[in-house]
Amino acid sequence: MANDISVGKAEPGCKKIDPILVADNVTRQFGGLTAVDVKHVEIPRGKITALIGPNGAGKTTFFNLLTGFDKPNTGTWTYEGKDLAGMPSYKVARLGMIRTFQLTKALSLLTVIDNMRLGAQGQAGEGFFKAFIRPLWSANEKRITAKADELLTRFKLDAKREDYAAALSGGQRKLLEMARALMSDPKLVMLDEPMAGVNPALTQSLLEHIKDLKNNGTTVLFVEHDMHMVRNISDWVIVMAEGKIVAEGPPSQVMKDQAVIDAYLGAHADTDLGTVAINKIKVGK
Amino acid sequence: MDIIQILSLALNELVAPMTVGYILCAIGLAVHFGFTGLLNFGQAAFAALGAYGYGYAVLVFGWDLWGAILFGLICAMAFAALLGIPTLRLRADYLAIVTIAASQALRFTVGSSTAAPITGGSAGQSQFGESFYALNPFPEGEYNLGTVTLTNLELWMRVVAWGLVAIAALFVFALTRSPWGRVLKGIREDEDAVRALGKNVFAYKLQALVIGGSIAAFGGMVFVMSSQANEPTNWGTNFTFITWTILLLGGAATILGPIVGGMVFFALLTLIESFLEILVNAGLLPFLLIEQVAQIRFLLVGLILMLLVIFRPQGFFGNKKEMQFNG
């Protein structure tokens with residue numbers, strides 16, 4: 001099937017017209033278990049790519065490897081043509097590849113605005129000696145505070161500006177983490193389950209924020225279990241199962257793929273889960 | 001002993017050089033633990049290295065005051081780097097284990113007879129303060145400060161010691177109000193999150209360890225300077241734990257906390273000792289011997305501290321709001 005993202009047919013490991021991230025032979029073993037075994041994958045630039053798969057498929061581990069939070073057993077990957085293998089996580093972030101975490105990492109005892117300020121990069125005042133000389137960083141501080149306030153308003157967190165991040169609800173922390181990631185104007189945002197634990201009212205605004213990112217030219221790669229969201233906003237879907245990439249393609253196509261239905265959606269993909277559960281119980285009896 | 005005497009003893013403790021020594025170490029620990037979240041259980045070692053480095057430079061190299069201070073400082077910084085480089089990449093609890101073990105190892109090493117030519121062994125170092133006291137600007141005589149009477153040298157020692165506290169407090173205050181300090185607080189909360197924002201967490205933790213250790217080195221120098229005697233027994237684990245108590249008493253992530261915490265701790269210690277002595281002498285505590293008072297006071301102080309931590313866990317100056325979330 002033709003599409004505007006891949007070169008040729010959409011299949012696992014297919015070439016992209018304009019990839020931002022290219023990974024080859026990335027494997028990670030935990031003891032005898034191979035958590036990640038990705039032969040070749042390319043992430044398209046300027047698109048929203050969803051990484052889906054059942055629990056234990058290795059999605060988060062793959063995220064950790066790509067961002068330098070874990071070390072692979074083998075493999076190389078390049079971002080914007082730069083080799084990232086073995087690079088520490090903070091350097092990866094400095095290149096404009098910013099991630100969030102599945103278990104939200106809001107900095108609890110920092111105020112919301114300080115959380116945001118911390119997200120800005122290249123701050124002179126973060127150097128030990130320059131920290132003593134306020135004129136060296138006060139102008140920049142003002143600039144990043146203004147930017148932080150703007151983002152907080154966009155994410156509807158401006159009322160919480162002076163509160164500790166610990167005082168936010170789970171969903172608001174997700175928003176804060178995403179807003180904080182945007183402080184550095186990243187080129188590639190990697191969101192690990194951005195919707196987990198977010199109430200439906202917030203879901204809609206989170207979706208809008210992710211779409212906004214794409215409209216501003218940012219590439220988004222996200223891990224998600226919520227099929228509704230995947231269908232709704234992603235341009236491309238990559239399916240992982242048991243550490244391998246089993247399918248790739250535009251969402252409409254992937255959702256019909258038999259390999260995906262088997263691995264992930266299950267035989268009862270279209271049935272109401274309640275019915276499935278009841279039937280199972282009946283069988284058990 | 002009447003009440004005025006007891007109070008004046010306590011007041012004297014409030015500003016004594018020993019108190020200041022602990023306060024400086026607690027300020028250093030505030031940088032480590034309060035702001036960065038580093039569990040350093042070997043603050044005694046940093047103080048000891050400051051004191052020994054100073055003493056060695058004076059007694060063996062024959063250096064003057066400034067050179068000796070610098071040498072003590074470098075010793076403590078080198079120790080921080082030595083401990084930090086292998087352990088700061090690991091989880092926080094490993095630093096705690098390594099620092100407590102290293103501080104004990106250091107104490108036994110400097111006290112051993114093998115090290116005696118360098119450190120003075122179990123007798124330690126003494127009479128190294130000449131160049132310091134030579135700078136004393138106060139004319140000879142007695143100085144009456146309210147209830148306490150000091151010699152000119154004692155006054156000089158206290159002025160310098162409290163000057164150092166003021167400098168250290170301003171230094172830490174400036175740092176913690178800067179973006180640099182913000183990164184430290186971020187690391188305290190979650191270092192992976194800070195890493196994901198592009199900060200070199202390891203470098204910040206090492207800087208914090210070195211800075212807190214350097215402040216403790218000054219604490220160690222002040223601690224031994226008034227008596228001009230530096231013995232290995234000074235630097236046991238109780239030194240570290242008194243420092244921790246002072247920090248938690250005042251509030252871990254505060255500047256004024258360690259200062260007031262230290263003053264309260266030592267004043268309380270003296271008050272309790274004096275009152276117990278009165279009670280024992282009056283025969284009101286028949287189960288206690290006068291010789292046991294010095295030990296039992298720590299027990300009572302411990303009890304008071306436990307109550308304080310239960311009912312005011314944020315310390316004197318900590319933000320109550322912060323503690324609500326640690327629950």
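What percentage of the 285 residues in chain A do buried residues make up? In this predicted model, the share of buried residues in chain A is 51%. That figure is a handy place to start a tour of the chain, before turning to its partner.

Chain A is built from 10 helices and 10 strands. Its radius of gyration is 20 Å, close to the 19 Å that the globule rule gives for 285 residues, so chain A is as compact as a globular protein of that length. Along the principal axes, the C-alpha atoms of chain A fill a box of roughly 70 × 40 × 40 Å.

Next comes the meeting of the two chains. Chain A brings 34 residues to the contact, and chain B brings 31 residues. The size of an interface is often given as the accessible area lost when the parts come together. Between chain A and chain B, the buried area is about 2,800 Å², and carbon and sulfur atoms give 66% of it. On the chain A side, the residues that lose the most area to chain B are A:Leu109, A:Phe128 and A:Tyr164, which together account for 22% of what that side buries.

Polar and charged groups also take part. Four salt bridges are counted between chain A and chain B. A:Glu141 forms a salt bridge with B:Arg182, and the closest N and O atoms of this pair are 2.6 Å apart. Across the interface, 12 residue pairs are in polar contact. On the side of chain A that touches chain B, two or more residues come from each of α2 (89-94), β6 (97-99), α3 (112-119) and α4 (138-154). Sorted by class, that side of chain A has 18 nonpolar, seven polar and nine charged residues.

A:Ala120 sits in the loop between α3 and α4 of chain A. With a relative accessible area of 4%, A:Ala120 counts as buried because this value is under 20%. Leaving aside neighbours within four places in sequence, A:Ala120 is in contact with A:Glu126, A:Ile144 and A:Met183 in its own chain and with B:Lys199 in chain B. A:Glu141 lies 21 residues from A:Ala120 along the chain, and the C-alpha atoms of these two residues are separated by 9.6 Å.

Definitions and conventions: Residues numbered from 1 in each chain as written. Chains lettered and ligands numbered in written order. Predicted model: local features only at pLDDT ≥ 70, side-chain atom pairs only at ≥ 80, totals over all residues. Heavy atoms only, no water. Contact = heavy atoms within 4.5 Å. Buried area = accessible area lost by both parts, 1.4 Å probe. Salt bridge = Lys/Arg side-chain N within 4 Å of Asp/Glu carboxyl O. Polar contact = N/O pair within 3.5 Å; in protein donor to acceptor, adjacent residues only side chain to side chain. Helix = DSSP H or I, 4+ residues; strand = E, 2+ residues; numbered from the N terminus. Nonpolar A, V, L, I, M, F, W, Y, C, P; charged D, E, K, R; others polar. Buried < 20%, exposed > 50% of the residue type's maximum accessible area, 1.4 Å probe, protein only. Rg over C-alpha atoms; globule rule 2.2 N^0.38 Å.
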